[in-house]
Amino acid sequence: PQAGGKKEKAPKGKKEETAVAKGGPNKGGGVDIKKADDVPGWYEQVIMKAELIEQYPVKGCFILRPWAYRIWELVQGWFDKEIKLLGV
């Protein structure tokens, strides 16, 4: 508050704009990169927040966590079955 008991309204509005720009609480799962702006950055943030991978000290490499590997096995099994059904 300013002297005389008056409140400034500009910072409050700016704070609300920032929350909206970042997705606001409980919207987007805490992802603050927009998919339309940066797909690789967005994807990395999504799989990190989902705890599917861990960082590795070598650039471009990561460690799959056990449940992420299990998801990969399930997708691979489904895909293999579909390809065989098509006779490929």
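In which helix is V75 found? In this predicted model, V75 lies in helix α3. The views below begin with this helix.

**View 1. Helix α3 and the residue that follows the helix.** Helix α3 covers residues 66-86. With 21 residues at 1.5 Å a residue, α3 should span 30 Å, and its end C-alpha atoms are 31 Å apart, which agrees. The helix is followed by G87, a residue with a positive phi, near 75°.

**View 2. A nonpolar patch on the surface.** The patch is formed by F62, L64, Y69, I71, W72 and V75. Together, these residues have about 600 Å² of accessible area. Two elements, β2 (62-64) and α3 (66-86), each give two or more residues to the patch. The element that gives the most is α3, with four residues.

**View 3. Residue V75 within the patch.** V75 is found in α3 and is one of the residues of the nonpolar patch. The relative accessible area of V75 is 44%, so this residue counts as partly exposed, a class that lies between buried, under 20%, and exposed, over 50%.

**View 4. The aromatic pair of W78 and F79.** The count of aromatic pairs comes to one. The ring centres of W78 and F79 are 6.5 Å apart and their planes stand at 40°, so the pair is tilted. The limits that decide this are under 30 degrees for stacked and over 60 for edge-to-face. W78 has a relative accessibility of 52% and therefore counts as exposed. F79, with a relative accessible area of 47%, is partly exposed.

Conventions. Residues numbered from 1 in each chain as written. Predicted model: local features only at pLDDT ≥ 70, side-chain atom pairs only at ≥ 80, totals over all residues. Heavy atoms only, no water. Phe/Tyr/Trp six-rings, centres within 6.5 Å; stacked < 30°, edge-to-face > 60°. Buried < 20%, exposed > 50% of the residue type's maximum accessible area, 1.4 Å probe, protein only. Patch = residues over 30% accessible without salt bridge, like charges linked within 9 Å, V, L, I, M, F, W, Y side chains within 5 Å. Areas by Shrake-Rupley, 256 points an atom, 1.4 Å probe, with all protein chains shown as cover. Salt bridge = Lys/Arg side-chain N within 4 Å of Asp/Glu carboxyl O. Expected span 1.5 Å × (residues − 1).
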